[in-house]
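Please look over the sequence and the structure shown here before reading the report below.

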Amino acid sequence: MKTRHKRLALIMGGLGLLTAAVMLVLSAFQDNLVFFHSPSEILQGQATPERMLRIGGIVEEGSVQRQADGLSVKFAVTDTASSIPVVYQGSLPDLFREGKGVVAQGRLDEAGLFHASQVLAKHDENYMPPEAADALQQAQKSMLTVVQP
């Protein structure tokens, strides 16, 4: 084999390895990608069931139900237009309260129940994640357009 052919084979092998590495990185990135959705977007079918996602809004008043085991809790997240039931097992943040902002990460099942693996509460009365604030504004705008003739 000539030196020229050896060099070409080495370059082609390097490109093949580089392509494989890029494909593995992109695959890992796709598996760890988490999208944010409001309850209204989920009910409109914009979220894929069984895919990891984040849901944000406000904990609906009167919806928190703590189970006897002390760790399981059911509650609803609303954007003032729609609400999604959420189940979570674990300790909730100290700032978790009805009527306060929350972001939950987890999976939506086929029945429309959100199984949270992580729950985050807003840290003070003025802060809300930008995605949650935008979702609440959109929901309020859509309610105003529906209410007004």
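## Basis of the report

The structure is a predicted model, and the values given under the headings below should be read with that in mind.

## The nonpolar core

The largest nonpolar core of the model has 19 residues, and F75, F114 and V119 are those with the most contacts inside it. Two or more residues of this core come from each of the strands β2 (52-59), β4 (72-78), β5 (83-89), β6 (101-108) and β7 (114-121).

For V119, once neighbours within four places in sequence are left aside, the residues in contact are F75, Y88, L92, P93, F96, V102, V103 and A104.

## Strand β4: S72 and T78

S72 has its place in strand β4, and S72 counts as buried because its relative accessible area of 16% is under 20%. The side chain of S72 makes a polar contact with the side chain of D69, at 2.9 Å. When residues up to four places away in sequence are not counted, S72 touches Q65, R66, Q67, Y88 and Q89.

T78 is also placed in strand β4, and T78 is buried, with a relative accessible area of 11%. Not counting residues up to four places away in sequence, T78 touches P39, G57, I58, E60, S83 and L136. Between T78 and G101 there are 9.4 Å in space, C-alpha to C-alpha, while the two are 23 residues apart in sequence.

T80 is found in the loop between β4 and β5, where T80 has a positive phi of about 75° although it is not a glycine. A polar atom of the side chain of T78 lies 3.0 Å from the backbone nitrogen of T80. With a relative accessibility of 37%, T80 counts as partly exposed, whereas T78 is buried.

## A nonpolar patch on the surface

A nonpolar patch on the surface is formed by L8, I11, M12, L15, L18, V22, M23 and L26, which together have about 790 Å² of accessible area. One of these residues, I11, lies in helix α1, which covers residues 3-31.

Methods
Residues numbered from 1 in each chain as written. Predicted model: local features only at pLDDT ≥ 70, side-chain atom pairs only at ≥ 80, totals over all residues. Heavy atoms only, no water. Core = buried A, V, L, I, M, F, W, Y, C linked by side-chain atoms within 4.5 Å. Buried < 20%, exposed > 50% of the residue type's maximum accessible area, 1.4 Å probe, protein only. Helix = DSSP H or I, 4+ residues; strand = E, 2+ residues; numbered from the N terminus. Contact = heavy atoms within 4.5 Å. Polar contact = N/O pair within 3.5 Å; in protein donor to acceptor, adjacent residues only side chain to side chain. Patch = residues over 30% accessible without salt bridge, like charges linked within 9 Å, V, L, I, M, F, W, Y side chains within 5 Å. Areas by Shrake-Rupley, 256 points an atom, 1.4 Å probe, with all protein chains shown as cover. Salt bridge = Lys/Arg side-chain N within 4 Å of Asp/Glu carboxyl O.
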